[in-house]
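My notes follow the order in which I looked.

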Amino acid sequence: MDQLFSSCNRLTSLDLSNFNTANVTDMRAMFYNSTNLRTIYVGSGWSTVAVTNSSYMFLYCISLVGGQGTTYDDNHIDKAYAHIDGGPSNPGYFTDKNAGLRGDVNGDGQVKISDVTALINYLLSSNATGVNLQAADCNQDGNVKIGDVTALINYLLSGTW
């Protein structure tokens with residue numbers, strides 16, 4: 001997978017959730033210089049156990065954000081962060097495809113103002129039809145309440161959780 005998505009500057013997201021990488025040994029510069037790449041979705045088949053070369057894997061992926069809000073850090077450009085983001089206790093650059101994108105309340109694959117509307121409508125009606133409740137827990141306190149609306153709006157305004 002050496003340089004597979006290198007310099008793919010028009011990419012903003014990738015869905016690699018069907019990839020099984022258990023036997024992959026080379027991921028050198030796999031996403032190198034993909035400066036607009038923001039989200040990489042992976043599933044249970046993603047593994048870096050066999051990888052022996054991951055140098056520059058994420059170098060210059062300056063827009064990359066993991067599913068729990070981990071942002072690109074030029075001190076972590078190899079396979080060390082090539083896993084599903086576990087937040088501050090286990091930072092990673094990937095988003096769990098099955099968990100949904102944090103803040104993507106309406107499930108359209110993007111976090112936008114329409115997600116705020118969907119979240120408010122859910123809170124007012126308690127009708128969860130079309131609402132991803134896991135993604136709606138924006139402040140990650142285990143509940144979906146008005147504080148999640150505030151967290152979502154703050155994210156839309158600042159770009160960080």
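**Cores**

I looked up the largest nonpolar core and found 23 residues, with Leu16, Phe31, Ile40, Trp46, Phe58 and Phe94 making the most contacts inside it. A nonpolar core here is a set of buried Ala, Val, Leu, Ile, Met, Phe, Trp, Tyr and Cys residues joined through side-chain atoms within 4.5 Å. Buried is under 20% relative accessible area, exposed over 50%, partly exposed in between (1.4 Å probe, protein chains only). Strand 1 (13-16) and strand 2 are the elements that give two or more residues to this core. Strands are DSSP runs of E, at least two residues, and helices are runs of H or I, at least four, numbered from the N terminus.

I noted a second, separate core of 15 residues, which includes Ala118, Leu119, Cys138 and Leu152.

**Basis**

The model is predicted: local features need pLDDT of at least 70, side-chain atom pairs count only at pLDDT 80 or more, and totals for chains, interfaces and linings use all residues. Numbering runs from 1 along each chain as its sequence is written, and side-chain values use heavy atoms, without hydrogens and water.

**Threonine 48**

Threonine 48 is in the loop between strand 2 (39-42) and strand 3 (95-96). Is threonine 48 buried or exposed? I found threonine 48 buried, at a relative accessible area of 16%. Beyond its neighbours within four places in sequence, threonine 48 is in contact (heavy atoms within 4.5 Å) with Met27, Lys79 and Ala82.

**Helix pair**

I found helix 1 (residues 113-125) and helix 3 (residues 146-158) packed at about 175°, axes 10 Å apart.

Technical notes
Axes are lines fitted to C-alpha atoms, for helices over the stretch in contact, and angles run from 0 to 180 degrees between N-to-C directions.
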